[in-house]
Amino acid sequence: MLDLAPQKKEQPVQLTGAQALVRSLEQQGVEVVFGLPGGAILPAYDPLRSSSLRHVLVRHEQGAGHAAEGYAWATGRTGVCLVTSGPGATNLVTALADAYMDSVPMVAITGQVSTAMIGTDAFQEADITGITLPVTKHNELVTSAERLPAAIAEAFHIASTGRPGPVLVDVPKDILQATMTWGPGTWPPAMNLPGYRLPAAPDQAAVRAAATLLRQARRPVLYVGGGVIKAGAHAELLALAELAQAPVTTTLMARGAFPDPHPLALGMPGMHGCYTAVAALQEADLVVALGARFDDRVTGNLATFAPHAKIVHADIDPAEIGKNRVPDVPIPGDVRATLAGLTESMAALIAENGPPDTGYWLRCIGDWKRRFPLRYTQDADGPLKPQHVVERLSALTGGEAVVVAGVGQHQMHAAQHYSFTTPRSWINSGGLGTMGFAVPAAMGAQVGRPGELVVAIDGDGCFQMTAQELATCAIEHLPIKVLIFNNGFLGMVRQWQELFYEERYSEVELGTAIPDYVKLAEAYGCHGLRCDRADDVDAVLDKALATTDVPTVVDFRVHDREGVFPMVPAGRPNDEIVLGPEFTGDEQRAATRRELRGEPTKNTEVLAR
Amino acid sequence: MSTHTLSVLVENKPGVLAHVAGLFSRRAFNISSLAVGPTEDPKVSRMTIVVDGASTPVEQVAKQLDKLVRVLKVVELDDHAAVERELALIKVRIDPALRGELLEVATVFHTKVVDMSPETVILEATSSPGKLDSLLENLERYGTCELVRTGRIAMSRGSGTITDNDLAPLAEAV
């Protein structure tokens with residue numbers, strides 16, 4: 001169709017680098033920037049005032065980084081943060097490393113000292129492109145104002161395509177102050193990235209080979225990683241799983257990619273995975289890895305992981321394929337296209353040869369789920385259990401909140417006991433394991449999904465690392481809920497000292513009383529609540545969930561001896577999974593034997609019935 | 001030691017060497033040598049990277065290199081089908097009485113004498129890595145007092161070039 005509207009020809013204008021930077025961000029479609037100004041980035045903050053961009057002023061640059069991550073996790077769009085040179089930039093490093101490990105699309109713009117000062121140890125100078133080289137997908141020091149539009153466009157392109165990741169653009173102060181000509185051809189700029197190739201479509205022959213294996217497998221497992229959520233492939237995953245009648249395990253990065261209430265859902269695999277998911281992988285004759293990377297927290301001792309299984313490995317990053325486990329069928333490429341292709345091939349194979357024969361396998365899995373579930377005991381008058389809080393939250397929110405976690409016991413309890421039903425409803429620091437992630441990430445998620453329920457489940461250790469962003473949340477009207485699981489310890493470290501250092505507790509006790517989290521919340525303009533009894537959990541949660549004008553912090557005084565189970569000790573084979581104190585010795589022995597080795601036996605047929 | 005030779009085309013831009021070196025450090029890859037210089041195209045530089053195959057999975061190296069935005073192409077050269085050369089300057093402190101003998105060794109190995117002082121001789125050797133090693137062995141008994149090597153550079157034999165399609169990038173062939 002011809003566009004008959006009169007073309008308004010844009011006249012070339014002279015802009016400062018700072019104006020060009022802000023205009024580039026606007027043109028890029030950025031709606032929000034998390035940041036904190038300082039000397040070198042000052043010129044950029046001037047045109048920001050009159051721009052269409054929303055700027056969220058954080059209290060610490062690390063908060064800006066995690067907020068950008070939380071925004072990206074929650075929305076699928078690229079998170080943006082803007083900070084100054086030197087310490088501003090170095091404070092971002094943890095967030096960049098976190099985003100790199102978890103493949104989070106993020107663009108960080110850092111001010112830099114003027115070009116002439118670079119290398120002179122000038123005030124607030126840091127070689128941030130050098131420092132962040134190993135923790136960014138790409139970075140660039142911009143050397144002219146004319147280059148800015150293309151540098152920004154390329155940064156967003158690289159951050160958001162292929163395997164996503166953080167990109168840092170370092171802009172010296174004199175480049176922000178220099179002038180450039182913004183003409184009709186300036187945006188969209190031509191990108192010059194000859195070495196950056198997007199992944200090819202998945203190889204059809206490989207997809208057919210994988211479908212053939214899946215059709216023939218008797219004990220298949222779909223091992224789903226965060227790539228499925230990033231590819232927006234949850235619908236395709238559900239279609240394939242149901243067609244193939246194959247059970248699905250979702251990793252810590254993929255919680256929500258497959259609905260937990262579904263009969264084919266196994267829950268989370270790995271070190272603190274559900275017994276059934278761990279056992280199913282160990283007994284599988286076929287593991288189809290989809291956007292997952294055979295991380296050590298999933299595989300345990302790599303040599304003994306899924307020993308009977310053929311491996312199909314689909315991932316957008318060719319370097320992940322064969323990095324840890326050599327697959328029988330490698331499928332580099334977009335996992336959504338791969339899943340669609342697998343379903344199509346499966347349908348054809350089923351039409352020809354009949355459905356896959358996984359009935360016996362699903363009965364075994366049902367048996368494991370029944371006998372070895374996640375188990376904890378909440379006595380009515382006993383100490384409050386963190387698992388109980390998560391389960392009540394899950395029930396009261398219908399599994400529909402956006403749940404954000406820090407790192408440690410509370411994170412594992414949340415990942416295990418919350419019943420996730422939709423993708424992008426679980427946000428955490430998976431790969432890097434960054435304590436202090438939850439509050440600022442929840443802030444970013446709430447910015448990206450206003451009006452939705454965003455709940456941070458945090459530990460008392462984690463919370464104290466980044467709690468200052470409560471001020472940002474209160475001022476920006478971001479009514480996040482922060483549920484502190486306050487056990488007065490660095491709980492996960494305490495658990496390791498209990499199990500592996502003969503209860504020699506070293507520097508893990510924080511105490512429950514200092515700070516007073518209710519007063520702290522109130523000091524930050526938030527609503528503060530406290531709960532230490534199981535009976536009160538629902539009422540307190542109801543109150544917290546109903547508060548929508550200010551952020552709410554709940555100090556849940558939870559049992560300090562509660563561990564996270566099941567557990568595979570680090571570096572050990574998954575076969576050594578420990579069910580924990582809630583199970584008897586007989587149950588542990590039955591679980592260890594699994595009563596299913598290689599081909600089905602009569603004994604297991606009986607058990608499975 | 002089993003080594004692999006990777007030819008890597010990269011954009012001729014600032015910071016590229018840091019990206020490549022940073023990758024090797026970050027991934028704990030061991031490299032034996034790295035040589036870098038311009039190519040027939042001024043926008044492109046070429047690195048020749050020799051990887052110790054025993055400690056470092058060469059396929060993983062190639063795939064990770066290929067992910068770097070400024071890396072254009074990664075090709076593993078088959079050492080039987082490639083010309084491999086290294087340049088070395090070797091300063092030998094030598095008893096004048098033995099100087100004639102040393103020059104004979106130099107001639108056998110096609111090395112050139114590029115500097116001479118009353119006590120020392122500098123030899124320039126250009127050869128395949130294996131021959132260079134054997135030259136150095138032969139010189140040991142005279143007392144090598146200073147050695148500098150460029151690291152290996154390499155090019156595939158025959159009419160094909162690294163920019164031809166028939167030399168498919170290693171990282172694309174999973």
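Residues are numbered from 1 along each chain as its sequence is written, chains are lettered from A and ligands numbered from 1 in the order in which they are written. Because the model is predicted, local features need pLDDT of at least 70 and side-chain atom pairs count only at pLDDT 80 or more, while totals for chains, interfaces and linings use all residues.

**Stop 1: chain B as a whole**

Select chain B. Its C-alpha atoms fill a box of roughly 60 × 35 × 30 Å along the principal axes. Chain B holds four helices and nine strands; helices (H or I, at least four residues) and strands (E, at least two) are DSSP runs, numbered from the N terminus. Read from the N terminus, the order of elements is β-α-β-β-α-β-β-α-β-β-α-β-β.

Of its 174 residues, 30% are buried. A residue is buried if 20 or more other C-beta atoms lie within 10 Å of its own, exposed if 12 or fewer, and partly exposed in between, with C-beta atoms placed from the backbone. Among contacts in chain B with a separation of 6 or more, 75% are between residues 24 or more positions apart. Two residues are in contact if their C-beta atoms, placed from the backbone, lie within 7 Å.

**Stop 2: the four-stranded sheet of chain B**

Select β1, β2, β3 and β4 of chain B. They form an open sheet in the order β2-β3-β1-β4, with antiparallel pairing; two strands pair if DSSP finds at least two bridges between them. At the edges are β2(B) (31–38) and β4(B) (71–77), each pairing on one side only. On average, neighbouring strands of this sheet are turned by 15 degrees against each other, direction ignored.

Axes are lines fitted to C-alpha atoms, for helices over the stretch in contact, and angles run from 0 to 180 degrees between N-to-C directions.

**Stop 3: strand β5 of chain B**

Select residues 82–93 of chain B, which are strand β5(B). Which strands pair with β5(B) in the antiparallel sense? One of them is β9(B) (residues 153–156), over four bridges; in this pair A82(B) stands opposite S156(B). Another is β7(B) (residues 120–127), joined to β5(B) by eight bridges, where V92(B) faces V121(B) as its opposite residue. β8(B) (residues 144–149) is joined to β5(B) by five bridges, and L147(B) is the bridge partner of I90(B).

**Stop 4: where the chains touch**

Show both chains. The contact takes 17 residues from chain A and 17 residues from chain B. On the chain A side, α6 (128–131) and β14 (329–332) each supply at least two residues. That side has eleven nonpolar, five polar and one charged residues. Ala, Val, Leu, Ile, Met, Phe, Trp, Tyr, Cys and Pro count as nonpolar, Asp, Glu, Lys and Arg as charged, and the others, Gly among them, as polar.

**Stop 5: two crossing helices in chain A**

Select residues 204–216 and 335–353 of chain A. The axes of these helices, α9(A) and α14(A), come within 8 Å and cross at roughly 55 degrees. The contact includes V207(A), A211(A) and L214(A) of α9(A) and L342(A), M346(A) and L349(A) of α14(A). By class, the residues of this contact are eight nonpolar, six polar and two charged.

**Stop 6: backbone details in chain A**

Select W187(A) and P188(A): the peptide bond from W187(A) to P188(A) is cis, with omega near 0 degrees. P188(A) is in the loop between β8 (179–182) and α9 of chain A. The bond from F565(A) to P566(A) is also cis, with omega near 0 degrees, and P566(A) lies in the loop between β20 (552–557) and α24 (585–593) of chain A.

Finish at Q124(A), in the loop between β5 (106–112) and α6 of chain A. Its phi is near 55 degrees, a positive value in a residue other than glycine. Q124(A) counts as partly exposed because it has 17 C-beta neighbours inside 10 Å.
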